[in-house]
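Here is my note on the model below.

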Amino acid sequence: MTATSSPLARPGFIYSLLLAIGMAAAVATALGFQYIGGYIPCALCLLQRQPYYYAIPIAILAAISELVGLPNWITRALILAAGMLMLVTAGMGVYHAGVEWHFWPGPATCSTTASSMTTNAGDLLGELNTIKGPSCTDAALRVLGLSFAGWNVIAGILLAAFAFVGVRKAAS
C-alpha cells in the first residue's frame, strides 16, 4: 500500500472524519452545558440538536465509505448530506435567536421539562403540574452577546462550509 492510497491521504476521509468530530464537539458542548452547567434546554434548543444526531452518523458513514473504497460519489454525497443538515440547524438557530430577541413570536408550546422531573414516583404527578421548562423567548446565557441559539448558527454555518469544502476536495 502506497502513501497515496492510504485513507489518511484521501481528502474525503479526512474531511468526513473531522466533520464528524466537529459536530460531536458541538453536541458535547450543548450536553455539557445541560448536564454539567445545569442549563435546561427549551424545546427549540432540543430541536436544534436533531440535525446533529442525524449528521454525525452520516459523516461517519462517509469516512467508512472512503475506508472500504466505495465510489467517490458516495462519500461526496454523504458529506454533502451532513453539510445540508448543518444548514438546517443553522436555520433553526436563526429562528430561535429571533424568538429570543423578540423579532417574531415563538411556538406557543415552547417549554420543556427535560431533566427537571423528580426521580421520586410519589412526587411525579404533583411535579407534572408545577414544573415548567424554560421559555424559548429568554436566553439562558449570553456569551459575547450571543445565546446558545446564536452560537449554534455560527457552528452550523462553519460546519456546513467545512462540509462543502470537503465535497469539493473529495472530488479531486
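1. What are the helix and strand percentages over residues 148–167, and how far apart are the end C-alpha atoms? The chain there is 100% helix and 0% strand, with the end C-alpha atoms 28 Å apart. Helices here are DSSP runs of H or I with at least four residues, strands are runs of E with at least two, and both are numbered from the N terminus.

2. Basis of the note. This is a predicted model: local features need pLDDT of at least 70, side-chain atom pairs count only at pLDDT 80 or more, and totals for chains, interfaces and linings use all residues. Residues are numbered from 1 along each chain as its sequence is written, and side-chain values use heavy atoms, with hydrogens and water left out.

3. Record versus model. An unreviewed UniProt entry annotates "transmembrane region" over residues 12–40, 52–70, 77–97 and 148–167. Positions follow the numbering used here, feature names are shortened, and such annotations may be inferred rather than shown by experiment. Residues 77–97 are modelled as 100% helix and 0% strand. Their end C-alpha atoms are 30 Å apart.

4. Overall fold. The protein has five helices and zero strands. From the N terminus, the order is α-α-α-α-α. Take contacts (heavy atoms within 4.5 Å) between residues at least 6 apart in sequence: 74% of them join residues at least 24 apart.

5. Surface and burial. The accessible surface is about 9500 Å², and 71% of it belongs to carbon and sulfur atoms. Areas come from the Shrake-Rupley method with a 1.4 Å probe; for residues, only the protein chains shown count as cover. Of the 172 residues, 34% are buried. Buried means under 20% relative accessible area, exposed over 50%, and partly exposed in between.

6. Aromatic pairs. There are six in the structure. The rule takes rings of Phe, Tyr and Trp (its six-membered ring) with centres within 6.5 Å; planes under 30 degrees apart are stacked, over 60 edge-to-face, and the rest tilted. Phe33 and Tyr39 pair edge-to-face, at 6.0 Å centre to centre and 65 degrees between the planes. Tyr39 also pairs edge-to-face with Phe148, at 5.7 Å and 75 degrees. Tyr39 sits in the loop between helix H1 (11–35) and helix H2 (43–67) and Phe148 in helix H5 (residues 148–171), so this pair ties together parts 109 residues apart in sequence.

7. The cluster. Phe33, Tyr39 and Phe148 form one aromatic cluster. How accessible is Phe33? It is partly exposed, at 31% relative accessibility. Tyr39 is partly exposed at 27%. Phe148 is partly exposed, also with a value of 27%.

8. Salt bridge. The count is one, for a side-chain nitrogen of Lys or Arg within 4 Å of a carboxyl oxygen of Asp or Glu. Glu66 bridges to Arg10, with the closest N and O atoms 3.7 Å apart. Glu66 is in helix H2 and Arg10 in the segment before H1, 56 residues apart, and the pair links distant parts of the chain. Glu66 is buried at 6% relative accessible area, whereas Arg10 is partly exposed at 22%.

9. For Cys45, the nearest cysteine sulfur is that of Cys42, 3.4 Å away. Cys42 is buried at 3% relative accessibility, and Cys45 is buried at 18%.

Notes:
Buried < 20%, exposed > 50% of the residue type's maximum accessible area, 1.4 Å probe, protein only. Disulfide = S-S within 2.5 Å.
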